[in-house]
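Subject: Structure handover

Hello,

Here is the structure for you to look through. Please open it first, then read my notes below.

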Amino acid sequence: MIWRLLVAATMGLSGAMTGNPASAEAQGPILIAHRGASGERPEHTLASYERAIDAGADFIEPDLVPTRDGVLVARHENEISGTTDVAEHPEFATRRKTVVIDGESVTGWFTEDFTLAELRTLRARERLPDLRPANTRFDRLWQVPTFAEVQALVRAKEAETGRRIGIYPELKHPTWFSQHGIDTAALLMPMLEAAGYRSAQDPVFIQSFEAGVLERLRPLTGIRLVQLMAAEGGPPDRPGERFATMAGEKGLRRLARTVDAVGVETAMVLDADGRPTPFVRTAHAAGLKVHVWTLRCENAFLPARWRIGSDPAAKGDCAAAWHALVSAGVDGIFTDNPRESHAARTGALLPAQTSAPRP
């Protein structure tokens with residue numbers, strides 16, 4: 001396979017990481033730090049990932065997009081005006097453009113139009129300043145990290161803590177990038193293999209909303225694959241398919257031939273009243289793990305029953321939401337707030353935190 005031929009020339013890493021795999025997966029839902037500790041630091045920065053690891057996250061989740069010179073970097077989207085200070089750089093003003101990605105018109109600046117050296121001149125900033133004003137204190141402190149740097153951070157934190165730390169990369173818009181001459185899967189796989197990630201026993205998942213890239217990877221790797229799904233819409237590379245159909249009993253059995261887990265929107269697992277839907281049971285019957293996205297602690301993102309007060313930016317009853325998802329039987333929870341989620345998992349109280357009734 002192409003990336004195995006590239007391993008010797010990639011990164012210069014040694015073999016598999018030492019230590020036993022984390023036991024978290026056997027003990028209950030894994031805690032997946034969504035873009036790092038993005039409730040406390042600007043998302044997809046090394047500081048956000050390190051904060052998440054220190055808070056007790058089992059996995060960190062870097063979304064991956066490429067630069068013009070073929071380097072994978074961590075950004076939620078390839079359009080970066082909301083997460084960097086690119087708009088304040090007059091030297092890049094002419095690169096602002098409008099393109100159609102996955103059927104949607106998007107205007108801004110795009111990573112694939114920048115070399116890594118150019119991207120290094122930018123600084124990350126908070127994406128949700130109105131809801132997370134405290135995070136704006138950290139604006140412009142950190143660069144956009146490469147995936148290689150994320151891997152290096154994980155290795156360093158493993159050496160520091162003595163525990164395995166999982167990586168949960170998402171391939172963003174792989175069809176779009178392929179159409180523009182960049183094969184992001186072929187960039188990712190040699191980096192994972194060089195770091196020793198090769199099998200289902202390794203603490204790594206590869207996720208995508210697109211179905212085709214996962215089908216392509218299935219015969220080429222033993223690493224666990226995850227089909228992402230939302231309550232509405234369908235895979236961007238399959239306009240004729242709907243997530244609702246894929247999430248049915250027959251659709252999940254078909255998915256189980258390709259992937260090991262599904263990453264689904266909370267609304268597919270809990271109804272509007274916070275009660276479990278049949279989805280987890282159906283997915284488990286098909287042999288699939290269920291990871292759910294995204295637990296965020298601000299009132300703006302929580303159902304009414306778990307909000308505390310009327311301020312949308314104030315923290316609600318995050319522990320109650322965590323326990324509701326656990327009660328639904330999920331196998332993993334993506335969260336912007338690994339500190340609060342870890343406290344809910346362990347029963348610990350955070351400073352200035354008061355007890356709230358569980359659902």
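Predicted model: local features only at pLDDT ≥ 70, side-chain atom pairs only at ≥ 80, totals over all residues.

Start with the largest pocket. Strand 6 (104-108), strand 8 (170-171), strand 9 (205-208) and strand 12 (289-295) each give at least two residues to its lining. Strands here are DSSP runs of E, at least two residues long, and helices are runs of H or I, at least four, numbered from the N terminus. A pocket is an open set of points on a 1 Å grid over the protein atoms alone, where a 1.4 Å probe fits, with protein on both sides within 12 Å along at least five of seven lines; lining residues have an atom within 4 Å of a point.

In total, 37 residues line the largest pocket. Glu77, Asp102, Lys172, His173 and Phe209 lie nearest its centre.

Residues are numbered from 1 along each chain as its sequence is written, and side-chain values use heavy atoms, without hydrogens and water.

Now the confidence. pLDDT (the predictor's confidence in each residue, from 0 to 100) averages 92 over the chain. At least 70 is reached by 90% of the residues. Residues 1-22 stay under 50, with 45 contacts (heavy atoms within 4.5 Å) beyond four places in sequence. Residues 353-359 are also below 50, and have 11 contacts beyond near neighbours in sequence.

Best wishes
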